[in-house]
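Dear colleague,

I am passing on the structure we spoke about, and I would be glad if you could look through it with the notes that follow beside you.

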Amino acid sequence: MVNVMRVLKILRNHWKKTTAGLCLMAYGSNWLYGKHCDNLLRRAACQEAQVFGNQVILPNVQMKKATVFLNPAACKGKARSLFEKNAAPLLHLAGMDVIVVKTDYEGQAKKLLELLDRTDLIIVAGGGGTLQEVVTGLLRRTDQATFSKIPIGFIPLGTTSTLSHTLYLQSSSRVKQITDAALAILKGETIPLDVLQIKGKKDQPVFAMTGLRWGSYRDAAVKVSKYWYLGPLKNKAAHFFCTFKEWPQKHQALIMYLGPRERPPEEPVQKPLRPPLYIRIYRRLVNYWAQPKEDVSWEVTPESWEQVELSAIELSISTQNRQLNLRRTEDSMNICIEPDTVSKADFITLGSQKQYNPPVCPDGSQHLQASQCSLQLQEGTEGFFSIDDEEYEAMSVEVTLLPHKLQFLCDSKKKQELLQLEENPCPTATASNEQPYR
């Protein structure tokens with residue numbers, strides 16, 4: 001009892017050191033507990049991946065080849081460590097023939113895709129910028145019609161991974177997000193996603209999975225990191241200092257667009273059976289002796305382009321991948337024209353919201369649905385576009401929607417949500433009957 005009283009007295013006399021020590025112990029305990037939880041997640045994911053690796057491969061069946069494009073600079077240089085700790089072990093345990101290609105500089109993934117020979121699966125390990133480079137390099141190939149049918153897996157390692165919200169269930173744990181993405185790749189469930197083709201007058205086309213942004217909110221967003229020393233106030237500070245320019249900030253252009261197009265019927269999975277020989281001979285004889293039909297020239301109705309002169313604080317052209325509806329009957333992209341009458345206070349408030357949810361549009365914005373559009377900027381227009389969070393010089397461009405162009409691997413539960421299977425429930429495939437990529 002005397003010793004306890006002595007200790008309490010010492011702690012009371014040195015209360016500052018005691019408080020600091022308790023804070024350090026609490027922080028260290030929480031850190032160790034987080035590491036323990038991450039290890040449990042990794043162990044459970046490895047056990048699930050081992051199920052795919054234990055499946056028997058027939059002698060005449062080759063292992064699936066997966067090519068991984070890894071951007072080590074993503075996530076402030078932590079992407080390589082995150083991939084090797086959380087995703088790479090799962091791919092190897094599943095029995096995949098994995099080739100990891102590490103990019104050293106911006107734009108390298110586009111060039112490497114042109115040299116890619118054969119692969120059964122493409123995996124992008126990085127952020128939105130890495131994914132945009134891979135998709136652009138893939139669709140620039142001369143054989144893109146066949147190469148674009150290769151399934152694409154996305155492991156979100158960057159700070160901006162907008163597409164991960166569509167493909168996977170969200171979690172506050174970075175380790176769980178990565179392991180869930182790797183397991184989804186192994187299970188092989190896919191969904192079709194739209195792509196935007198953005199082409200200037202001279203350069204090769206650029207392809208985007210999310211969309212294009214041009215305006216003041218975009219300009220302020222790229223300067224947020226400049227005010228890092230302000231902590232949680234850096235977003236508001238970037239937009240606040242942006243209001244010191246000429247106000248209201250107007251971005252003027254002419255936009256011409258075509259309305260949505262009806263989705264064509266899906267091709268049948270099985271080809272119709274070829275009719276017997278005598279039926280084919282009979283049909284040819286009938287066509288040979290039939291009287292020639294009069295040549296009727298049909299007048300083709302020209303497509304009606306609509307035209308809008310805009311003066312906006314920001315313009316965005318985006319796909320519907322973020323709010324995906326696999327059962328929609330029309331294919332279109334979203335065009336949002338935000339009015340330039342916004343006040344400075346509203347600009348700061350809304351700009352902070354757009355940092356976490358870029359598609360947010362204020363009341364009074366003009367929304368258009370289009371399958372193709374032409375954005376014509378005024379001569380002397382300066383500034384930059386953001387195409388999937390990558391910066392490009394602003395210029396007049398033509399934007400074309402490529403509906404259901406690429407097949408992305410996704411979480412089976414996420415796909416069930418997209419298909420709204422609560423109306424027509426069906427049993428979920430188990431790990432034993434799912435065919436892995438290996």
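I begin with helix α13, where the cover over the buried residues includes β7 (211–215), α10 (216–221), α11 (234–242), β10 and β12 (333–339). The helix itself spans residues 344–354, and the residues in it that are buried are F347, I348, L350, G351, S352 and K354. Please keep in mind throughout that this is a predicted model, and that what I describe was computed from it.

For the chain as a whole, there are 14 helices and 17 strands, and buried residues make up 41% of the 438 residues.

Two helix pairs deserve a description of their own, and for each I give the angle and the distance, since two packed helices are described by the angle between their axes and the distance between the axes.

In the pair made by helix α2 (residues 15–53) and helix α4 (residues 79–93), the axes come within 8 Å and cross at roughly 20°. Because angles under 35 degrees count as roughly parallel, α2 is roughly parallel to α4, and the crossing of these two helices is right-handed. On the α2 side the contact is made by R42, A45, C46, A49, Q50 and G53, and on the α4 side by K85, N86, L90 and L93. Sorted by class, the contact of α2 with α4 has 5 nonpolar, 3 polar and 2 charged residues.

In the pair made by helix α5 (residues 108–115) and helix α6 (residues 128–139), the axes are 8 Å apart and the packing angle is about 35°, and this crossing, too, is right-handed. The residues that meet are Q108, A109, K110 and L113 in α5 and E133, V134, T136, G137 and L138 in α6, and by class the contact divides into 4 nonpolar, 3 polar and 2 charged residues.

Lastly, I would ask you to look at the backbone in two places, bearing in mind that most residues other than glycine have a negative phi. K76, which is found in helix α3 (residues 74–77), has a positive phi of about 60° although it is not a glycine. H404, which is found in strand β17 (residues 397–409), likewise is not a glycine and has a positive phi, of about 50°.

With kind regards

Notes
Residues numbered from 1 in each chain as written. Predicted model: local features only at pLDDT ≥ 70, side-chain atom pairs only at ≥ 80, totals over all residues. Heavy atoms only, no water. Axes fitted to C-alpha atoms, helices over the stretch in contact; angles between N-to-C directions. Helix = DSSP H or I, 4+ residues; strand = E, 2+ residues; numbered from the N terminus. Parallel < 35°, antiparallel > 145°, perpendicular 65-115°, else oblique. Left-handed = near helix turned anticlockwise from the far one by under 90°. Contact = heavy atoms within 4.5 Å. Nonpolar A, V, L, I, M, F, W, Y, C, P; charged D, E, K, R; others polar. Buried < 20%, exposed > 50% of the residue type's maximum accessible area, 1.4 Å probe, protein only.
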